[in-house]
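Please keep the viewer open as you read.

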Amino acid sequence: MNKNNSTIKPPSISGDTFQINSFEEYKKLYEYSIKDPISYWAEQSKKLHWFHPWEQVLDNSFSEADVAWFSGGRLNVSNNCIDRHLNSKGDQVAIIWEADNTKDSKSYTYRELKHEVCRIANALKTAGVRKGDRVCLYMPMIPELAFTMLACTRIGAIHSIVFAGFSADSLRDRILDCNASVVVTANEGQRGGKALALKSIVDKALQGISSVHTVFVAKRTEKEVTMKAGRDIWLHEAMARERRSCPSEWMASEDPLFILYTSGSTGKPKGLMHTHAGYLLYALQTFEQIFNYQPGDIHFCAADLGWITGHSYVIYGPLASGATTIMFESTPLYPDAGRYWQVIEKYKANIFYTAPTAIRAIAKEGNEWVEKYDLSSLKSLGSVGEPINPEAWYWLYEQVGKSKCSVMDTWWQTETGGIMISPLPGITEMKPGSATLPFFGIEPCIVDENGQEIKDTQNNNGISGYLCLKNPWPGMARTIYGDHERYVESYFTQYPNLYFTGDGCYRDADGYYWITGRVDDVINVSGHRLGTAEIESSLASNPLVAEAAVVGIPDEIKGMSIFAYIIPSKEGVAMKSEEELSGILKQQVRQDIGSFAIPSNFQIVSGLPKTRSGKIMRRILKKIAVGEYDDLGNITTLADSSVVEELINLRK
Ligand code: WT7
C-alpha cells in the first residue's frame with residue numbers, strides 16, 4: 001500500500017451516532033450549522049441543564065471582539081457535571097484515578113464525587129472565597145485536583161490551574177496576574193517514580209505576596225512539609241470539617257469559569273478566560289460527537305489537567321456527558337513503554353486520546369509493548385497538540401487500533417476551548433496527517449499575507465496560507481484576563497472580522513485541512529506551547545548573556561525542539577567552556593519557566609542576523625540550525641551579512 005497521501009475509509013462503528021449516520025448527513029448538518037448557527041446552537045443548548053433559560057443565543061460578533069452566548073441564561077457547571085446525573089447515574093463511576101505506580105487506583109461514583117466536591121466548595125467558602133474570586137491550583141494529577149476545579153465552579157469562583165511542571169517564578173507571575181487569594185496544592189507530586197516538591201515551590205512563589213491568604217495542601221504522599229501558621233491548611237482536614245452538600249450558584253452564561261495561561265508570540269503568558277455556558281456546551285458537544293461517546297463508555301484522555309486538553313476532555317466534556325473518565329497520574333514511559341496499554345486493558349477503556357509526541361516516544365520502544373495487552377475494548381482514538389506525522393498516525397491506527405478504530409486528529413487551541421477540526425468516527429474518510437474537516441458551526445478560512453481570503457482555485461488544486469476562523473463559536477475564550485486590548489490585538493487585528501489562529505494551513509482539493517504549524521514566534525515542544533520571547537528573556541536575564549535568540553527546529557520525538565543562539569557578555573566570554581555556560585543557562589530556564597522549556601541546543605555566537613531596523617531574522621537562524629545553508633533566501637536586508645558566514649562556519 002502506498003501510504004503517502006492515501007485516504008482511509010473509516011472503520012464502521014456501532015451505537016447511536018447522534019443522528020449522523022453517513023458523510024452526507026454530516027455535510028448536510030454542517031451546512032445547516034453554518035447557514036443558521038442560531039438555530040443550530042439553540043437546539044444544542046438543550047444538552048445542558050439550565051436553572052433559567054437563556055434569552056438570546058448570540059450577541060455581538062468578531063468585529064467588536066465582544067461575543068456573548070446564551071445571554072440571560074443561568075446554570076452551573078458543577079451542577080451540569082454532577083447533580084443532574086445523580087438520579088440515573090448516582091452509582092456509576094465518574095472518575096477513575098490511576099496512580100503513578102501501577103498498583104494504586106481509586107474510583108468515585110457520581111454520588112461520591114458530589115460529596116467530595118461539596119466538601120471542598122464549603123471549605124473554600126469557609127476560607128472566605130466568594131463568587132468571582134480567583135483560586136490558583138498548582139497540583140499533581142490527583143482526584144483532589146478534579147474535585148477542586150468542580151468546587152470552584154460550584155460556588156462561582158474562577159480557577160486558574162498552573163501545570164505542576166512550572167517553576168516557582170512562573171507560578172508567582174500567574175498568581176499575581178490574576179490576583180488569586182487562595183492557592184491549592186499538595187505536599188508532593190508523584191510522577192514517573194519521582195517526587196515533585198510542590199509545596200515548597202508554592203512557598204517560594206508566595207514570598208512577598210500578601211494577597212494570598214490561604215493555601216490548601218492535599219496530602220499525596222507521607223512527606224512532611226512546613227505549614228505556615230495562619231495560612232496553610234491541610235485539605236483533608238478542612239474537608240472533614242465540612243458538610244457534603246453545597247448549593248450550586250446560579251451563574252450567568254457569560255460569568256467567568258476559568259483562566260488558563262498560555263504562551264503567545266510576545267510578552268508574558270496570556271490568561272485566556274472561558275465562560276460558563278458556551279465553554280461547557282462546546283466541550284460536551286465535541287466530546288460526544290468526536291469520540292462517539294456512548295453511555296457506559298470508559299474514556300481515557302491522558303492529558304494533564306494543567307492544559308486545556310485536560311480541562312475539556314478529562315473533566316468538563318466527559319462529566320457533562322455523564323461518562324466515566326480516567327485521570328492518569330503517570331507518564332507514557334513509566335514504569336515502561338507499555339503503560340498506556342496496561343491502563344486501557346485494566347479499565348477496558350473505549351476511547352483513548354493522547355499527543356503525537358507520546359505516540360512517537362512509545363513507538364520507538366518497539367511493538368512488543370503494545371502487543372502484550374488486550375486493547376479490544378478500544379473504539380475511538382484521538383491525537384492532539386501538534387501535527388501528527390503519517391508514521392505516528394499509522395502506528396496508532398494499526399498497532400493500537402488494529403485498523404478497527406477511526407483516528408481523530410483533532411486541531412484546536414487553548415483559545416478555542418474545544419476541538420475545531422477533526423474527523424468524525426465512522427463517518428469521515430481519514431488522511432494521515434490531516435485534521436480533515438471542521439466541526440459543526442466552525443467555518444475556517446485561509447488568508448494570504450494581506451488578509452485576503454484565498455478561495456479555492458478553479459481547478460481546485462489546493463491552497464495554503466494562514467488559518468483563520470470566520471464566525472464565533474460557543475467555546476471560544478472571551479478575553480485575556482485583565483487585558484482585553486491584548487486579546488483584541490492578539491486575535492482580531494491581523495485580519496478584519498476574522499479570528500487569527502497563528503497556524504499555517506494547507507487545504508487540499510477535497511477541502512481537507514492540513515495544519516503546517518505555527519507561523520508566529522510560538523514553538524510547540526512535546527505539545528507544550530512556548531513563546532520564543534519568554535525563553536529569550538529568561539536566557540538574557542543571566543549576566544553571562546548579552547543577547548539570545550531561540551528558534552524551533554524539527555525533532556523526531558518532541559515535534560519541535562528549541563535551538564538557542566547565545567551572544568555571551570564579557571563575563572560569559574570569560575567562562576571556561578561553552579559546556580559550562582550552557583549548563584548555567586539550562587538552570588536559568590528551569591528556574592524561570594520549567595524544565596520542559598530548556599533548549600536542547602546552545603550555539604555560542606558573536607553576532608545575530610538582524611535587519612537594519614534591528615529585528616532578528618529568525619528565518620535565517622532556523623535554516624542555519626538545521627543545516628540548510630544553501631537556501632537562506634534573501635539576505636540583502638541584513639544590517640551585516642558577514643554574521644551569516646560566521647554562523648554557518650560554526651555549524652559546519
Ligand atoms: C496549538 C495550540 C489544543 C490542545 C493542545 C494544544 C497546535 C494543536 C494540533 C493538530 C496540528 C495542532 C497548533 C495550535 N496543534 N492540535 N491536531 N495538528 N497542530 O493547545 O497549547 O493552545 O496549542 O497547537 O499549532 O495553534 P495549545
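Phe352 stands opposite Leu381 in strand β19. This is a predicted model, in which local features need pLDDT of at least 70 and side-chain atom pairs count only at pLDDT 80 or more, while totals for chains, interfaces and linings use all residues. Residues are numbered from 1 along each chain as its sequence is written, and side-chain values use heavy atoms, with hydrogens and water left out.

Phe352 also stands opposite Phe300. Strands here are DSSP E runs of at least two residues, helices are H or I runs of at least four, and both are numbered from the N terminus. Two strands pair if DSSP finds at least two bridges between them. Strand β18 (residues 351-354) runs parallel to β16 (residues 298-301), with three bridges, and parallel to β19 (residues 380-384), with four bridges.

Which way do the residues of β18 point? Ile351 and Tyr353 point one way, Phe352 and Thr354 the other, and all are buried (under 20% relative accessible area with a 1.4 Å probe, protein chains only). In a regular strand the side chains alternate between the two faces of the sheet.

Ser406 is found in strand β20 and counts as buried because its relative accessibility is 1%. A polar atom of the Ser406 side chain lies 3.1 Å from the backbone nitrogen of Gly426.

Now to the ligand. Of the 17 residues around the ligand, Asp409, Thr410, Thr414, Asp503 and Arg529 come nearest; a residue belongs here if one of its heavy atoms lies within 4 Å. Some polar contacts (N or O pairs within 3.5 Å) are listed below.

| Residue | Protein atom | Ligand atom | Distance |
|---|---|---|---|
| Asp503 | side-chain N or O | oxygen | 2.6 Å |
| Thr410 | backbone N or O | nitrogen | 2.7 Å |
| Pro387 | polar backbone atom | nitrogen | 3.4 Å |

The protein covers 96% of the 560 Å² of accessible area that the ligand has on its own (Shrake-Rupley method, 1.4 Å probe). Two or more shell residues come from each of α11 (308-321), β20 (406-410) and β25 (513-518). The shell divides into six nonpolar, six polar and five charged residues.

Helix α11 is mostly covered, with 14 of its 14 residues buried. Gly322 follows α11 and has a positive phi, near 75°.

Methods: A polar contact is a pair of N or O atoms within 3.5 Å; within protein, one must be able to donate a hydrogen and the other to accept it, and residues adjacent in sequence count only if both atoms are side-chain atoms. Ala, Val, Leu, Ile, Met, Phe, Trp, Tyr, Cys and Pro count as nonpolar, Asp, Glu, Lys and Arg as charged, and the others, Gly among them, as polar. Buried means under 20% relative accessible area, exposed over 50%, partly exposed in between (1.4 Å probe, protein chains only).
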